[in-house]
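Welcome! Please open the structure in your viewer, and let us walk through it together, one selection at a time.

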Amino acid sequence: MSKTILVLPGDGIGPEIVNEAVKVLATLRDEHGLDVDLDEALVGGAAIDATGGPLPDVTLELAKEADAVMLGAVGGPKWESLDITIRPEKGLLGLRAGLNLFANLRPAILYPQLAGASTLKPEVVSGLDIMIVRELTGGIYFGQPRGVNQLETGERQGINTLVYTESEIDRISRVAFDIAMKRGKRVCSVDKANVLECTELWREVATRVGGDYPEVELSHMYVDNAAMQLVRFPKQFDVMVTTNMFGDILSDCAAMLTGSIGMLPSASLDENGKGMYEPIHGSAPDIAGQGLANPLATILSVAMMLRYSLNEPAMAERIESAVNKVLDDGLRTPDIMSEGMNEVGCEQMGDAVVAAL
Ligand code: IPM
Ligand code: MG
């Protein structure tokens, strides 16, 4: 039976990069027998402009019905002055919560061809392969109470709440341990247990879950140290597991080790492996519409989709090999450009990947 993929281009460079990823999917469908139907819907600023809200009911319904969702990026200066409750980002958060996508996998892999594009020394990053497992539907992003209150003293008070239940920590920890079993068998759980009670519980539950995985070596690290270690000696890490907000921050940091945030895909999964796939970068309004964006993170997100939601590992490898091939051939978008290479735009890069498939 054919699988349905809902495509959500979103804002900024979203439509450009998603266009290239769709070409890749269409090629696999038309020439290699991938049995998929593609559907498209609005999210983020594009949805605000068309319907008044960042996540129309029909988009959420289609996303629930689909076998997998592919998202570009949301947000931009045009919508920044809106109330925070109806900004484009709420569309993304609404999808994550509405689809119960609690497990966010963010691999930071250095393509050897790009070792020179990192701001860190090649010997520090060469061979880098970290998997960040970020909790995605809880923590301070969703905790109550939240908002800005008017105090009796006349001033206002902003409030957000960091909250995790044992079951939430348990299930994300298991995802991390299961992944570690298929990799280097090491998990580093990142918290701020020296200050925050909530993450003291996080550490306790992660340790308890670790008891079910005797083969995996579990370590704990405070988030400030983890940020430092990521730039000091990143190759010490195999799998990192952490809260929603710490994962947001550490994954941007890890991305930059690989040369460009334009290279990194992500998967956001529910209990059953259904997922939403997106590049970890944002909508990059400064370069939107100019054909300069790097589509490789989105194309590599399609590979993750094939692997995690569509059970097509051979097709996933086909995409990853094609990306390797275009990098070997010296093609570079501006974000990963270096001397002697061949600078191309978003569309040319997508076409090259399609040709290499
Ligand atoms: C990310 C992004 C989002 C987040 C924003 C756009 C809401 O930064 O996916 O990392 O904070 O989760
Ligand atoms: Mg982020």
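Which residue in β12 does Ser266 stand opposite? Select Ser266 and look across to β12: the residue opposite is Glu278. Before going further, keep in mind that this is a predicted model.

**Stop 1**

Now widen the selection to β11, residues 265-269. This strand is mostly covered, with 5 of its 5 residues buried. In a regular strand the side chains alternate between the two faces of the sheet. Colour Pro265, Ala267 and Leu269 for one side of β11, then Ser266 and Ser268 for the other; both faces are covered.

**Stop 2: two helices side by side**

Select α1 (residues 14-32) and α12 (residues 346-356). Their axes lie 9 Å apart, at an angle of about 15°. Angles under 35 degrees count as roughly parallel, so α1 is roughly parallel to α12. The crossing of α1 past α12 is right-handed.

Show the side chains where they meet: α1 brings Glu16, Ile17, Glu20, Lys23, Val24 and Thr27, while α12 brings Cys346, Glu347, Gly350, Asp351, Val353 and Val354. This contact of α1 with α12 has 5 nonpolar, 2 polar and 5 charged residues.

**Stop 3: Asn244**

Is Asn244 buried or exposed? Select it in helix α9, residues 244-257. Asn244 has a relative accessible area of 1%, so it is buried. Display what surrounds it: among the residues Asn244 touches are Arg134, Glu135, Tyr141, Phe142 and Tyr164.

**Stop 4: details in the loops**

Go to the loop between β5 (129-135) and β6 (147-150), where you will find Pro145. A cis peptide bond joins Gln144 and Pro145, with omega about -5°.

Then pick Lys185, in the loop between α6 (166-181) and β8 (186-191). Lys185 is not a glycine, yet its phi is positive, at about 60°. Its relative accessibility is 29%, so Lys185 counts as partly exposed.

Finish at Ala284, in the loop between β12 and α10 (296-308). Ala284 also has a positive phi, near 40°, and with a relative accessible area of 22% it is partly exposed.

Key:
Residues numbered from 1 in each chain as written. Chains lettered and ligands numbered in written order. Predicted model: local features only at pLDDT ≥ 70, side-chain atom pairs only at ≥ 80, totals over all residues. Heavy atoms only, no water. Axes fitted to C-alpha atoms, helices over the stretch in contact; angles between N-to-C directions. Helix = DSSP H or I, 4+ residues; strand = E, 2+ residues; numbered from the N terminus. Parallel < 35°, antiparallel > 145°, perpendicular 65-115°, else oblique. Left-handed = near helix turned anticlockwise from the far one by under 90°. Contact = heavy atoms within 4.5 Å. Nonpolar A, V, L, I, M, F, W, Y, C, P; charged D, E, K, R; others polar. Buried < 20%, exposed > 50% of the residue type's maximum accessible area, 1.4 Å probe, protein only. Pairing = 2+ DSSP bridges. Lists of a residue's contacts leave out its neighbours within four places in sequence.
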